[in-house]
Amino acid sequence: MSGISSFSVSKQPPLILVADDDKTIRVLLRKAMEQEGYRVVEVNDGKQCLDAYETIKPDIVLLDAVMPVMDGFTCCKQLLQIARNNLISALATFDTDSALNNTVISKIWERTPILMITCLDDEESVNRAFDAGATDYVTKPIHWPVLRQRLRRLLQQGQVYKQLEAANQALQHLANVDGLTELANRRRFDDYLNTQWINLAQEESPLSMILCDIDYFKFYNDKYGHPAGDVCLQKVGAVLNLKAQKHQDLVARYGGEEFAVIMPYTHASGAIHVAATIQAGIKDLQIAHAGSAVSQHVTLSMGVATVVPTWESSPSDLIVRADKALYQAKAGGRDRFVSSF
């Protein structure tokens with residue numbers, strides 16, 4: 001699949017998670033925060049805070065230092081560990097499922113600001129709070145104007161990070177997506193092929209590829225015009241994307257009227273099946289093509305290749321095999337696919 005999705009920053013009011021064992025303080029914090037237009041969720045201790053954090057993903061955490069079950073310092077450390085684990089997970093899976101909205105940089109920015117609110121104001125407690133990972137620190141009794149200003153500052157910083165994340169993901173989208181078909185572009189194709197080659201060489205698992213070419217596409221543009229040619233490319237690309245079998249499969253616009261499908265963990269028989277379903281899907285479109293020498297409708301020639309990657313070979317070997325098979329399909333009369341094993 002192409003793995004393309006849109007990116008946006010939430011327009012909902014900020015969500016604040018309040019963790020304090022003192023019900024009176026929680027009620028006062030809720031009223032003060034709701035007057036500022038924020039959404040509020042309350043919990044009684046650090047353990048509940050961790051559970052709520054995973055569920056609601058707040059924009060900021062207001063955390064008391066001294067609580068039963070789990071104190072604020074321990075909770076703060078574990079919140080920080082959650083952020084680290086998310087980053088480790090992102091690094092471990094980076095660029096393996098073509099999900100552009102799961103970038104490493106978004107995981108780095110995922111950490112939620114933590115504001116400690118406590119009656120402990122000695123230097124050791126303050127140092128302990130920051131060592132545990134607190135972003136800021138205020139003392140009880142609460143000075144409400146100070147708390148409001150610090151909350152606004154932290155939320156503004158968080159909003160800037162989210163905007164930067166959205167901008168980064170939009171740039172990633174532009175850098176990796178073909179603007180006409182919304183499929184992966186050649187750059188994304190190259191990156192994904194290289195990544196899968198390394199992964200599958202380690203696992204000694206098969207990797208298949210289909211190279212596709214729209215038959216007599218130049219004549220199509222000459223007869224119907226380039227705007228119609230663009231629509232044709234979009235329709236063909238949509239069929240390819242629909243017929244790709246697994247979420248690991250990547251469909252790319254290879255160049256001009258050429259497309260490619262990368263299929264990790266796919267044996268030759270599976271790749272041939274995908275090619276056959278693609279061919280049937282294109283015929284079902286019934287796009288008129290009076291300039292074609294093989295059909296009254298748009299057709300595809302396809303080259304199918306399968307290898308088990310090794311450290312002694314390279315991704316270009318698979319491309320060469322698929323390209324030779326595509327040449328044979330064209331030489332054999334077009335509107336067909338040829339397999340190379």
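Start by selecting Ile 210, Ile 214, Val 236 and Ile 278: these have the most contacts inside the largest nonpolar core, which has 26 residues. Such a core is a set of buried Ala, Val, Leu, Ile, Met, Phe, Trp, Tyr and Cys residues joined through side-chain atoms within 4.5 Å; buried means under 20% relative accessible area, with a 1.4 Å probe and protein chains only. Now colour the elements that give two or more residues to this core: strands E6 (207–214), E8 (258–264) and E9 (300–307), and helices H8 (217–224), H9 (226–243) and H10 (268–285). Helices (H or I, at least four residues) and strands (E, at least two) are DSSP runs, numbered from the N terminus.

You are looking at a predicted model, where local features need pLDDT of at least 70, side-chain atom pairs count only at pLDDT 80 or more, and totals for chains, interfaces and linings use all residues. Residues are numbered from 1 along each chain as its sequence is written, and side-chain values use heavy atoms, leaving out hydrogens and water.

Zoom in on Ile 278. Not counting residues up to four places away in sequence, Ile 278 touches Ile 210, Val 239, Leu 240, Lys 243, Val 261, Leu 300 and Met 302; contact means heavy atoms within 4.5 Å.

Next, show helices H7 (residues 186–203) and H11 (residues 315–331), whose axes come within 9 Å and cross at roughly 115°. Axes are lines fitted to C-alpha atoms, for helices over the stretch in contact, and angles run from 0 to 180 degrees between N-to-C directions. Phe 189, Leu 193, Asn 194 and Trp 197 of H7 meet Pro 315, Leu 318 and Ile 319 of H11.

Move on to the open sheet of five strands, ordered E2-E1-E3-E4-E5 with parallel pairing. Two strands pair if DSSP finds at least two bridges between them. At the edges are E2 (39–43) and E5 (136–139), each pairing on one side only. Within the sheet, E3 (residues 60–64) and E4 (residues 114–118) pair over four bridges; pick Asp 64 and you will find its bridge partner, Ile 117, in E4.

Helix H2 (residues 46–56) lies across E1, E2 and E3, at about 165° to E1.

Last stop: the cysteines. The whole structure has zero disulfides, a disulfide being a pair of cysteine sulfur atoms within 2.5 Å. For Cys 49, the nearest cysteine sulfur is that of Cys 75, 3.7 Å away. Cys 49 counts as buried because its relative accessibility is 0%.

Methods: Buried < 20%, exposed > 50% of the residue type's maximum accessible area, 1.4 Å probe, protein only.
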